[in-house]
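Please walk through this structure with me. We will stop at two places.

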Amino acid sequence: PPPRPRRHCSPSPPPAAAATSAEAAPEPPRGAALWLAAAKPPLYTVALVPLAVGFAAASAAAGPGAAAAATRAAFWRWLACSCAVIAWLNLSNDAWDAETSVDARKWESAVRLVGSRWKVHAAALACLACGGGGLALLCAGLGDWRVGAALACAVVCGHVYQAPPFRLSYKGLGEPLCFLAFGPLATPAFYLAGLHAAAPAAAAAAAVPPCVWAASALVGATTTAILFCSHFHQVEGDLAAGKLSPVARLGVGRASGVLTCGLAAHHALALAAA
């Protein structure tokens, strides 16, 4: 009889390889965990920290006669408005990134969850109207143009960071904008706002002292480092979408060195300011 044909069977992967493959592609979060990841609660610390630093410095400058109750009430009003502006940044960033597909593998994208880029844009604009409008009313009540001008510039930095035709984050300029917005713009502005609440009579003619400028540099550097670190896990996606973040430009190895040097300079500045 003729010989029977031999079967060619592909070997099954060993258990170790299968386990490694499973670890390489973890399942995305589901349900409430996915929505919580999209909301990004830790992101709102970037609203809290400049405000807390500015108000703490203002209370120290005002001295024992500071109006503590008025300062606390003003703090919570400024914080609520600032958080609404950060919510606008978060939502609008997801909406604009949906146009470039840079978030194609981002399970917690607000656009992916809602299913409509325009609904996310509408929610973002509602947050900006509430937060920006609230900040404008608070600034008008102070009668100090410096606070309003600095915070308006910070909001503009957030817009040009992500929105077309600027999209400066795609050109590697997101980190300088982040440093400027949360450091030398927001922190001194909140210092002046806190001084108006703690010692209204002295606030109008008060200048921002050098220690507050130094603290604002530390706040800006910390926030910038957080943004810088967020690029490490998405280099491939950024390059595919044409987003030239600093990590994408430098490569992971050189970017790690830059981050290390930046953190060393941050701690050196903190010691010098102390």
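What follows covers a pair of packed helices and then a pocket.

This is a predicted model, where local features need pLDDT of at least 70, side-chain atom pairs count only at pLDDT 80 or more, and totals for chains, interfaces and linings use all residues. Residues are numbered from 1 along each chain as its sequence is written, and side-chain values use heavy atoms, with hydrogens and water left out.

Start with helix H4 (residues 68-100) and helix H7 (residues 145-162). Helices here are DSSP runs of H or I with at least four residues, numbered from the N terminus. The two pack at an angle of about 20°, and their axes are 9 Å apart. Axes are lines fitted to C-alpha atoms over the stretch in contact, and angles run from 0 to 180 degrees between N-to-C directions. H4 is therefore roughly parallel to H7, a term for angles under 35 degrees. Their crossing is right-handed: the near helix is turned clockwise from the far one by less than a right angle. On H4, the contact residues include Trp78, Trp88 and Trp96. H7 brings, among others, Val147, Leu151 and Tyr161. Contact means heavy atoms within 4.5 Å.

Now turn to the second largest pocket. A pocket is an open set of points on a 1 Å grid over the protein atoms alone, where a 1.4 Å probe fits, with protein on both sides within 12 Å along at least five of seven lines; lining residues have an atom within 4 Å of a point. Which helix gives the most to the lining of this second largest pocket? H13 does, with six residues. Among the lining residues are Glu175, Phe228 and His266.

Key: Parallel < 35°, antiparallel > 145°, perpendicular 65-115°, else oblique.
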